[in-house]
Every structure is written in C-alpha cells, then in structure tokens.
Amino acid sequence: MEQWSEGVYLLGRYGDLMTGCWLLTNGASAAIVEVPPHDVDQWSPAIAAKLAAKQLCVNVEYILCSHAHGDHLSPETLREFQRAFPSAVLHVHESFEPHVSGIVSTRYFQGVVKLGLDGEALFLIHAPKHSWTDTFIVFRGAAFTGDWELNTIRAVDDEHEENRVPLETKLQSIALLQRFPDEQGYVVHQTFSSHANERRDNVDFAALMEDTKQDRQFW
Ligand SMILES: [Zn+2]
C-alpha cells in the first residue's frame, strides 16, 4: 500500500496492464476505486483492500470504477470484493449496466452524483471521452481521470468506429467538468491516472480541461 495523498492509497497495480486499485478514506469510511483483473500468481486486490481497511480501521462503503474496460472492471474481482465487503455497494453510471448486471448489488447514477465518506464529498461525474462509460471520481480535491487522454481531444479508440466517442460528446464532457467546480463550490488541484503512471499536483483544472480540447498527437 502506497499513500498518494491525504486519504488516498494505491493498494497495488494489477493484471497485464498494471491497473491501479485504490482505497479512498475519510474518518471511518472508505471506497474502492477500480476492480481490475489480477494475474494467477497475484493476490486479489480484495485481499489487499481487506488488510488495508483493517489497518486503517475503515469500513468500505462503495466500490467505484472509472470505466468498464476489461483492465478496470473484472467480474471475478467484483465478486471477490463483494465477498470481502458484503455491505459495500457498487456505485456506477447507468452505462455500466450491461457490464455488471447480475454480478453484485449495484446502484446506478446519471450525470453527476455527490456521495460522501464520513462527511467528505465524493463526486462521480459521467464524462465520456476515452470510452462511453468514463467516470471521473473526485475526492479531497483530487480527480481520478481513469484513462482519459489529457492535453488532447483525441482518444486511443478513435479509430474503432464501434468504440469511438464523437467529438461533440467529448466537448460536452469537458464542458461539464469545467462547470463542475463552480457549480459545486469545489476546487480540483490534483489529477491521478487510474494506472498510477501519472500524477499532477497544483493543477489548474479549468486550464487543463481547456487545453484538452486541442487536437494534438499523443506523442
Ligand atoms: Zn486502462
């Protein structure tokens, strides 16, 4: 377990694509971010979460996910989390429904939802760009950006017609994220990628979103 900021812990990186599994905590409450598949020779992230929750004396209330791609959402890992934390609820955007239906008890949201961990706000914002199920998870001033491609309007799946998110939808997602801080009276000052391969501190979130409208090559 690696602490990334106040109340934000990286439990580990799992599977072929090394997707992070995260624990968010405040007071006695916690949430899991991402339910990645794990290799056969790797402990389930649910075990790591169980140990961490015990050590930190927190109760896991929510299981969250940035998007429904296979490296972030594994039905088997989801079942393992359900067994480890029987009272935790999977809280995801309604577009996850075909991916999680019938697996665990699930609550769906539309648009933006404000949850809380022991009084600290926890926002889920549906913002498709990388994929149709993209959800920003915002907690303690940090935004989990999933697999969003920052500083470019492009997405890695743009070439695949069936997965591509249209430009107009991407721009709507950016506009929603730009309105969010004012509408909620909230400051986002950090971004973390789900794969734990990028963190940005002291972020000007409005400027970052504005810059993400630019049409740039990835590298
Ligand atoms: Zn990914």
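**Burial, strand pairing and helix packing in a predicted model**

Glutamate 34 counts as buried because 28 C-beta neighbours lie inside 10 Å; a residue is termed buried if 20 or more other C-beta atoms, placed from the backbone, lie within 10 Å of its own, exposed if 12 or fewer, and partly exposed in between. Glutamate 34 lies in the loop between β4 and α1, helices (H or I, at least four residues) and strands (E, at least two) being DSSP runs numbered from the N terminus. The phi of glutamate 34 is near 85°, a positive value in a residue other than glycine. Most residues other than glycine have a negative phi.

The model is predicted: local features need pLDDT of at least 70, side-chain atom pairs count only at pLDDT 80 or more, and totals for chains, interfaces and linings use all residues. Residues are numbered from 1 along each chain as its sequence is written.

Alanine 196 also has a positive phi, near 60°, in a residue other than glycine. Alanine 196 is placed in the loop between β12 and β13 and, because it has 18 C-beta neighbours inside 10 Å, counts as partly exposed.

Strand β1 (residues 2-5) pairs with β2 in the antiparallel sense over three bridges; two strands are taken to pair if DSSP finds at least two bridges between them. The two strands form a hairpin with two residues between them, and glycine 7 in the turn has a positive phi of about 75°. Serine 5, which is in strand β1, stands opposite valine 8 in β2. With 15 C-beta neighbours inside 10 Å, serine 5 counts as partly exposed. Not counting residues up to four places away in sequence, serine 5 touches Arg140, Ala142 and Gln190, where contact requires C-beta atoms, placed from the backbone, to lie within 7 Å. Serine 5 and serine 29 are 24 residues apart in sequence, and their C-alpha atoms are 16 Å apart in space.

Strand β2 (residues 8-14) is mostly covered, with six of its seven residues buried. With strand β3 (residues 19-26), β2 pairs in the antiparallel sense over six bridges; arginine 13 stands opposite glycine 20 in β3. The hairpin of β2 and β3 has four residues between the strands, and glycine 15 in the turn has a positive phi of about 75°.

Helix α1 (45-56) has an end-to-end distance that agrees with expectation: at 1.5 Å a residue its twelve residues should span 16 Å, and its end C-alpha atoms are 16 Å apart. The expected span is 1.5 Å times one less than the number of residues. Pro45, Ala46, Ala48, Ala49, Ala52 and Ala53 are buried in α1. These residues cover an arc of only 155° around the axis, which puts them on the same side of α1; the arc is that of the directions from the helix axis to the C-beta atoms. On the other side of α1, Lys54 and Gln55 are exposed. The cover of the buried residues includes β2, β3, β4, β5 and α2. Cysteine 57, which follows α1, has a positive phi, near 55°.

In helix α2 (residues 75-84), the buried residues are Thr77, Leu78, Glu80 and Phe81. The packing partners of the buried residues of α2 are β4 (29-33), α1, β5 (59-64), β6 (89-93) and α3 (97-100).

Residues up to four places away in sequence aside, leucine 24 touches Gly7, Val8, Ala30, Ala31, Val33, Leu117, Leu122 and Phe139.

An open sheet of six strands with mixed pairing has the order β8-β9-β10-β11-β12-β13. Its edge strands, β8 (112-117) and β13 (199-200), each pair on one side only. Strands β11 (residues 142-144) and β12 (residues 190-192) pair in the parallel sense over three bridges, with alanine 143 opposite threonine 191 in β12. Helix α4 (residues 167-184) packs on the sheet, where it touches β8, β9 (120-126) and β10 (135-139). The direction of α4 makes about 155° with that of β9; axes are lines fitted to C-alpha atoms, for helices over the stretch in contact, and angles run from 0 to 180 degrees between N-to-C directions.

Terms used: Contact = placed C-beta atoms within 7 Å.
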